[in-house]
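The following exercises are meant for a reader who meets this structure for the first time.

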Amino acid sequence: MNNPYLGFISMTMALMAITASAQTQDSILTHIDIQISGRPDTKKALLYESGADIRFKAIDVAKFVDGTCSFDYVSDYPREMQIIFDDEFLTGRFKIKSFYAEGDTVKAFFEGDNTGIDCIESSGTIQTAKKQLSDYIDRESGGSLTELYRKMDEMESSGEMYIEEIRPIYLKMRNAKESERDSLKTIAEQIAQKHDNDIKTEAYKKDYSKSLELLMKQDTIRWSYLIESSPSLLGLMEIRDQLRMESSFRNIDDAMERIETIFNANYGDFSYHPYYDDCKLRFATRFLRPGRKYDADYKIHAVDGSEATMSDLISGRPAIIDLWASWCGSCRRKSKALIPIYQKFAPLGLSYVAVAREFGDTKFMLNAIEKDGYPWQSYVDIDDIDGIWAKNGCPNSGGRIFLIASDGKIVAVDPEIEFIEHYLAKHFYAAAKK
């Protein structure tokens with residue numbers, strides 16, 4: 001039987017060659033040329049690394065002049081980067097535009113908004129291999145997710161994804177002022193309730209179902225590629241991407257186990273690359289679920305710079321680990337709701353460890369503590385130096401709450417306040433009876 005991956009032999013050998021050179025290379029300079037058309041509101045290009053928190057990691061790299069801009073990006077290793085435009089950043093509606101920074105020239109062209117045509121070209125080895133792999137997957141699966149997503153984006157932009165009754169409300173909401181949005185949202189919710197929340201058109205639902213079916217086919221082909229092809233930087237990056245999208249897996253445990261098996265068996269030679277450690281950390285954080293032991297063997301820092309170990313702070317007693325941020329409204333609301341819990345159970349032995357995720361300095365954190373009235377000490381991770389959020393499986397989130405039992409096992413992740421109170425009351429009541 002013919003091997004379907006014979007077409008990838010040459011590109012795999014080339015990828016293996018740059019793997020060896022990447023281990024010793026000090027810096028890699030990639031030049032990027034971007035041309036846009038039909039985007040009158042776009043003034044700047046921003047750049048961020050794939051998987052990074054776009055809210056804080058996106059950097060201005062160039063201004064457009066007559067629809068073009070150019071810039072250089074210097075990296076320590078080949079990395080997967082993504083382009084976003086300033087107007088997209090402000091609205092939060094954008095399409096992923098990726099390229100690989102691997103020391104060559106990248107030429108990108110974007111026409112119109114997110115429903116328009118885009119093209120990213122490069123002679124780089126990883127970029128070329130990715131293009132060949134994507135084309136192969138499209139051919140073997142019988143369709144292109146890119147084209148299907150573009151069609152669905154067009155339906156969203158025009159409002160045609162929604163039934164006629166709610167469509168004009170949706171279109172008004174998109175351009176409404178802050179003061180008008182709440183009233184429009186209320187009207188939309190009332191219409192949605194009348195239709196039992198079935199407000200998408202049949203055409204959109206049909207395309208959505210097609211996209212899920214095609215995605216599953218393409219994932220199967222991609223798995224085969226990872227299993228049957230020689231390990232490469234592209235393979236490492238594909239594994240990293242799959243781990244970042246784990247929430248889309250139908251069976252997360254099964255999928256993660258398959259990825260980890262491939263990774264452990266084939267990718268030890270890539271331990272020099274930062275993405276290798278990213279993958280290892282992702283595998284570890286998949287065990288952050290109820291019934292599993294919480295891995296508290298890591299350092300945290302107080303505002304004054306003093307250091308503590310999480311395991312020392314929570315060992316041997318029930319604990320709440322509150323990961324929050326001054327800029328995260330929902331995190332602060334949860335933390336404020338936990339104040340009565342703290343006041344009730346801390347005197348009985350509850351350990352409460354709060355860590356804030358801040359950027360630049362602690363000014364906004366200290367203001368938030370004073371305004372919200374938190375009675376506990378809060379540690380801080382500035383600019384993700386300690387990697388606390390990544391260690392806790394939420395690298396791009398504002399916060400997360402863990403309820404930990406006295407034996408160190410996770411009771412719940414992001415539980416409701418009522419659940420926390422019920423659990424702690426039951427625990428301390430049982431302890432008092434002994």
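**Exercise 1: The lining of a pocket**

The largest share of the lining of the second largest pocket comes from α11, which supplies 7 residues. The model behind these exercises is a predicted one.

*Solution.* 
1. At least two lining residues are supplied by each of α9, α11 (274–285) and α16 (388–391).
2. The space in the second largest pocket amounts to about 550 Å³.

**Exercise 2: Two helices in contact**

*Task.* Determine at what angle helix α4 and helix α9 pack, and which residues make the contact.

*Solution.* 
1. Helix α4 covers residues 125–141, and helix α9 covers residues 233–244.
2. The two helices pack at an angle of about 65 degrees, and their axes are 10 Å apart.
3. The crossing in which α4 passes α9 is right-handed.
4. On the side of α4, the contact is made by Ile126, Ala129, Lys130 and Leu133; on the side of α9, by Leu233, Leu234, Met237 and Glu238.
5. Of the residues in this contact, 6 are nonpolar, 2 are charged and none is polar.

**Exercise 3: Two threonines**

*Task.* Decide whether Thr68 is buried, partly exposed or exposed, do likewise for Thr201, and place each residue in its surroundings.

*Solution for Thr68.*
1. Thr68 belongs to strand β4, which spans residues 68–75.
2. The relative accessible area of Thr68 is 38%. Buried means under 20% and exposed means over 50%, so Thr68 is classed as partly exposed.
3. Apart from neighbours within four places in sequence, Thr68 is in contact with Ile34, Gln35 and Lys63.
4. Phe109 stands 41 residues from Thr68 along the chain, and the C-alpha atoms of the two are separated by 9.2 Å.

*Solution for Thr201.*
1. Thr201 is located in the loop between α7 (178–194) and α8 (202–228).
2. The relative accessible area of Thr201 is 14%, and this residue is therefore buried.
3. Apart from neighbours within four places in sequence, the contacts of Thr201 are Met155, Glu160, Met161, Tyr162, Ile163 and Arg167.

Technical notes:
Residues are numbered from 1 along each chain as its sequence is written. This is a predicted model: local features need pLDDT of at least 70, side-chain atom pairs count only at pLDDT 80 or more; totals for chains, interfaces and linings use all residues. Side-chain values use heavy atoms; hydrogens and water are left out. Axes are lines fitted to C-alpha atoms, for helices over the stretch in contact, and angles run from 0 to 180 degrees between N-to-C directions. Helices (H or I, at least four residues) and strands (E, at least two) are DSSP runs, numbered from the N terminus. A crossing is left-handed if the near helix is turned anticlockwise from the far one by less than a right angle, and right-handed if clockwise. Contact means heavy atoms within 4.5 Å. Ala, Val, Leu, Ile, Met, Phe, Trp, Tyr, Cys and Pro count as nonpolar, Asp, Glu, Lys and Arg as charged, and the others, Gly among them, as polar. On a 1 Å grid over the protein atoms alone, a cavity is a set of points where a 1.4 Å probe fits but cannot get out, and a pocket is an open set with protein on both sides within 12 Å along at least five of seven lines; lining residues have an atom within 4 Å of a point. Grid points are joined across faces, edges and corners, and a volume is the space filled by probe spheres set on the points. Buried means under 20% relative accessible area, exposed over 50%, partly exposed in between (1.4 Å probe, protein chains only).
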